[in-house]
Amino acid sequence: MGVAQRVNAVDDRDDALVRATVQTRRARAVRRLLRHHGGVTGGIVLLALVVVALLAPVVAPYNPIAISTAILQPPSGQHVLGTDNFGRDIFSRIIYGARVSLRMGFVAVAIGAVIGTTMGVVAGAYGGFIDSALMRLVDALMAFPGILLALAVTAMLGPGLTNAMIAVGIGFIPSFARLVRASTLQVRHTTYVEAARAVGCGDGRLIARHIFPNVLTPVLVLATLGVASAILIGAALSFLGLGAQPPTAEWGIMLSDGREFMRRAWWIMAFPGLAITITVMAANLVGDGLRDAFDPRLTL
Amino acid sequence: MAQYVARRLVAMVPVLLLVSILVFLMIYLTPGDPVQIMLGQSGASAAQVAQVRHELGLDRPLPVQYLKFLENLLSGQERSIATQQPVVSEFLGLFPSTLQLAMASLVIAVALGIALGVLAATHPRTWVDYLSMAVSFMGVSVPNFWLALLLIYLFAVQLNWLPATGGGSWRQLVLPAVVLAVQQVALIARLVRASMLEALQEDYIKTARAKGLPERAVRLRHAFRNALLPIVTLLGLNFGYLLSGAVIVEIVFARPGIGRLIVDAIQAKDFPLVQGAILMTAVVYLVVNLLTDLSYAVIDPRIRY
């Protein structure tokens, strides 16, 4: 064989080796994930919730906002989880509430993740003044703890479910921005990125094909745990009357309604809270599972 | 050391400025005319709106307004629309109540959290460990307003041991403090466990055991003390959870405090009060974070950069 052919053969073998290594690493991560009992349980529960939410009109026995004369009925054969003060079936309201909460979780995290990741990548990739400016902004956002930021944004935009989603989403921007920036800085100094630059790889292509896929993993973990958090904060906002508005069936509002009738009808506040807890636990389990699968050094 | 403190203080200034600007802009990022929102739907005429706008100085250029905003706030002239009291005094009047709640819950949380974490770390992979971690996991997943309602139902409605609402007496402090503590216990326990497990792997532990030191002394005198370091940082981060959780807890238990102040002001569209209270809360939070960073540098001299 000529020299050129031998070099090409070696190149192809290296290429295949690299590809195989990456594939095995991913396969190993997936296998670790599937072996994680908590993560799998959480995943199944979450999946079930999504399915139920999507099939709400089919699964729910009653219309969630239909008023009836059967007010404050305890759980019975007719109404599995009882009725509230307007005679609305609690079980149906919980099923429809799943739609609202899951949407809140995913949309809010999506907003935070997209904006935060973009900020993080730009800050990490370009550095210098842009980096400083963006990180100062992130610090300013982090000066408002937890729900306070969501409250501030809701104060500006007014009550409502969409506004609440935006408010909660903005709260996630700092975490994603910082995480992605750290990841970007790590990746930026690796040899292959330098090599790509040397070959003349443009900025956009560099970010898209080399930097971005490597920051994806921690972002995924943060996003999953973020969904759990978003559902909690969203329900809290609705509980305060600043999120979803009546007569929408939403778990937070149901808890707020249930508060008034605690003595006479404990079921109004008991079951929506349980629903929130189960959903949040499932999301947290999946998040923990992902984190342990992708970075087993963190498990103890 | 003094240099480090000075440097951190200086670094805080741009963030403070940015925060105050963001809060100031809140009223302008609101869709709709701020003056009309403040006057409500009372059918004010165009002349009245213009007059109020002039009175409030809203027809001046933005940077001038920003400076006026700061000046008014600090001098105590910025008044709440509802009560006509200076915003600063409203805030300072209610701050002690929130602080009381925060401290009480912190004491409970630290005591329980450390106990649980140490227990889990010293009996790894036994039912004690799994149970504590399960409890910790649930603590983070349960919505605190639901837990508050459940506890009210159990202790106030059914058993009638503790009052459900209000503030002032220590009995009214118990339930809110417990609810607020739950989430913190979860985080503290997890961190103490991880921290102690790591400390127990160190060589000096082997030496202590080889010396013949009783196991209890090994755990308390050596492992635990060294495990304490990261917990200090956590307490600073914790303050954020405290403030954020206090908002909900105060509302559910109808306790006077900053949280209720802010939410009520938002619902009443009392913008000066909302802006002032949020700004001051953010400042408090930033100061606490700074103090935590500084204390960490005091404990571990390697951290001063």
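**Figure 1. Helix α7(B) passes helix α11(B) in a right-handed crossing.** A crossing counts as right-handed if the near helix is turned clockwise from the far one by less than a right angle, and as left-handed if anticlockwise. This is a predicted model, in which local features need pLDDT of at least 70, side-chain atom pairs count only at pLDDT 80 or more, and totals for chains, interfaces and linings use all residues. Residues are numbered from 1 along each chain as its sequence is written, while chains are lettered from A and ligands numbered from 1 in the order in which they are written. Helix α7 (residues 144-158) and helix α11 (residues 229-252) of chain B pack at an angle of about 35°, and their axes are 9 Å apart. Axes are lines fitted to C-alpha atoms, for helices over the stretch in contact, and angles run from 0 to 180 degrees between N-to-C directions. On the α7(B) side, B:N144, B:F145, B:A148 and B:L149 meet B:G245, B:I248, B:V249 and B:V252 of α11(B). Two residues are in contact if their C-beta atoms, placed from the backbone, lie within 7 Å. The contact of α7(B) with α11(B) has 6 nonpolar, 2 polar and no charged residues. Nonpolar here covers Ala, Val, Leu, Ile, Met, Phe, Trp, Tyr, Cys and Pro; charged covers Asp, Glu, Lys and Arg; the others, Gly among them, are polar.

**Figure 2. Chain B meets chain A.** In this view, 37 residues of chain B are in contact with 35 residues of chain A. The elements of chain B that give two or more residues to this side are α1 (2-29), α6 (127-141), α7, α8 (171-200), α11, α12 (258-267) and α13 (271-299). By class, the side of chain B that touches chain A has 31 nonpolar, 6 polar and no charged residues.

**Figure 3. Helix α12(B) is largely enclosed by the rest of the structure.** Chain B has 13 helices and 0 strands; helices (H or I, at least four residues) and strands (E, at least two) are DSSP runs, numbered from the N terminus. Of the 305 residues in chain B, 36% are buried. A residue is buried if 20 or more other C-beta atoms lie within 10 Å of its own, exposed if 12 or fewer, and partly exposed in between, with C-beta atoms placed from the backbone. In α12(B), 8 of the 10 residues are buried, including B:I258, B:L261 and B:I266. B:K269, which follows α12(B), has a positive phi near 55°.

**Figure 4. Two loops of chain B hold B:R125 and B:A254.** Most residues other than glycine have a negative phi, and most peptide bonds are trans. B:R125, in the loop between α5 (87-122) and α6 of chain B, has a positive phi near 60°. B:R125 is exposed, because 9 other C-beta atoms lie within 10 Å. B:A254, in the loop between α11 and α12 of chain B, has a positive phi of about 50°. With 13 other C-beta atoms within 10 Å, B:A254 is partly exposed.

**Figure 5. A cis peptide bond joins A:P246 and A:P247.** Omega of this bond is about 5°. A:P247 is found in the loop between α9 (203-239) and α10 (251-260) of chain A. The mean pLDDT of chain A is 84, and 87% of its residues reach 70 or more; pLDDT is the predictor's confidence in each residue, from 0 to 100.
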